[in-house]
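Please read them beside the structure.

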Amino acid sequence: MITDAIGCVTSGVYCEGDVAELLAAEGRDLEELLSAAREVRDRRFGNRVFTYGFAYFSTHCRNDCPFCYYRRSNTSVQRYRKDPEDVVALAGSLEDSGVDLIDMTMGEDPVMRDDGFGRFLSLVSRVRDAVGIGIMASPGTVPRELMVPLREAGADWLACYQETYDRTLFGRVRGSQDFDIRRDQKTWAHAAGLLAEDGIMVGIGESTEGRARSIVDMGLTGCDQMRAMAFVPQTGTPMFACDPGREVDEIRAIAVMRLLCPDRLIPASLDVDGIAGLPCRLNAGANVVTSIVPSEGDLAGVAQHELDIANGNRSAEHVMSVLGDLGFEPANAGEYRRWMDSRREALR
Ligand code: SAM
Ligand code: MD0
Ligand code: SF4
């Protein structure tokens, strides 16, 4: 019976074997796991769900991650770098549409990183001047000295996903990038007063036990938001022929993260299975919808660069209506700000 493992993980007195057992749950055991995760989420957050708009403002990248569509050597990508005016306008329209945060994401674009990240910092502060919603920066890895200027420019969050806490597997999926520097982004962000998001990919060659260890290690970093996203194979990349990550493995990972870390934010990303993937992720205990992208604006997703964007299924309006149909209420920006303030307070 899975009840014992659920009890151990929920009480915080568990071993990795308990976590791995939950990550393999099937049938009635899986139902029990999901139900326990929902109960924990509902107790903390009720039926209120936070909503994040996604602004992939530069798809240029100096890195060559083999899983990523935007890796440097994928020459089939039509890349763009949005003008600051366009990003500010997008931020305004996201705020008007009721989302709680804008996630300002880029590849490791040398132009934005030039000159001490001058262009990037200036873009963040222009967005800060224009809107009152939360701002997340997802610039890839940045030097430690950038964290304070980023906070001063108006960012609330730094997002940087480890993908896996297994060093060997990390080397395979992130090449020569430095494991420790990537991991430490979260600690450096906290020291500068930024909230921090971490994440793993599911189905990149890890075992169930390895996934369990990554989830436990990710929880131990103290990150304020944690995610799991199933791997989506990308054309023109070395991992194109690999099997995709399984949705059910992502769902189990979400539920386990919720039991392990009841008070953190856990996304249901639209960037893996589009809007069709929203109900099952919320059903597993997620409490944030991420990767909301307006249909106008020619913006891309990351794992799914086109899915559900042009048809409006990832627009704020559509997402809000689906949330309502599912019995959830989108939280407003004031509630979100209060959550961030209390979390920051606890960091001091
Ligand atoms: N370039 C920055 C970086 O790599 O940190 C910011 C972009 S970040 C939003 C890209 C994240 O999306 C990756 O860290 C990975 O977790 C996820 N991702 C990228 N390609 C993916 C794919 N093919 N399948 C699933 N997740 C993917
Ligand atoms: C998402 N496509 O939320 C975005 C992205 C970057 N901070 C997040 C992976 O799913
Ligand atoms: Fe660049 Fe980020 Fe893609 Fe890696 S995951 S290639 S750093 S955009």
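1. By class, which residues make up the shell around ligand 3? The shell has five nonpolar, two polar and two charged residues (Ala, Val, Leu, Ile, Met, Phe, Trp, Tyr, Cys and Pro count as nonpolar, Asp, Glu, Lys and Arg as charged, and the others, Gly among them, as polar). Among the residues surrounding the ligand are Cys61, Cys65, Cys68, Arg71 and Arg174, where near means a heavy atom within 4 Å.

2. This is a predicted model, in which local features need pLDDT of at least 70, side-chain atom pairs count only at pLDDT 80 or more, and totals for chains, interfaces and linings use all residues. Residues are numbered from 1 along each chain as its sequence is written, chains are lettered from A and ligands numbered from 1 in the order in which they are written, and side-chain values use heavy atoms, with hydrogens and water left out.

3. The structure holds nine aromatic pairs (Phe, Tyr and Trp rings, the six-membered one for Trp, with centres within 6.5 Å; planes under 30 degrees apart are stacked, over 60 edge-to-face, the rest tilted). Tyr52 and Tyr336 are edge-to-face, because their planes stand at 75 degrees, with the ring centres 5.7 Å apart. Both Tyr52 and Tyr336 are buried (under 20% relative accessible area; exposed is over 50%, partly exposed in between; 1.4 Å probe, protein chains only).

4. Phe170 and Phe179 also pair edge-to-face, at 5.1 Å centre to centre and 80 degrees between the planes. Phe170 is buried at 2% relative accessible area, and Phe179 is buried at 9%.

5. Cys242 is partly exposed, at 36% relative accessibility. Its C-alpha atom is separated by 9.4 Å from that of Phe67, 175 residues apart along the chain.
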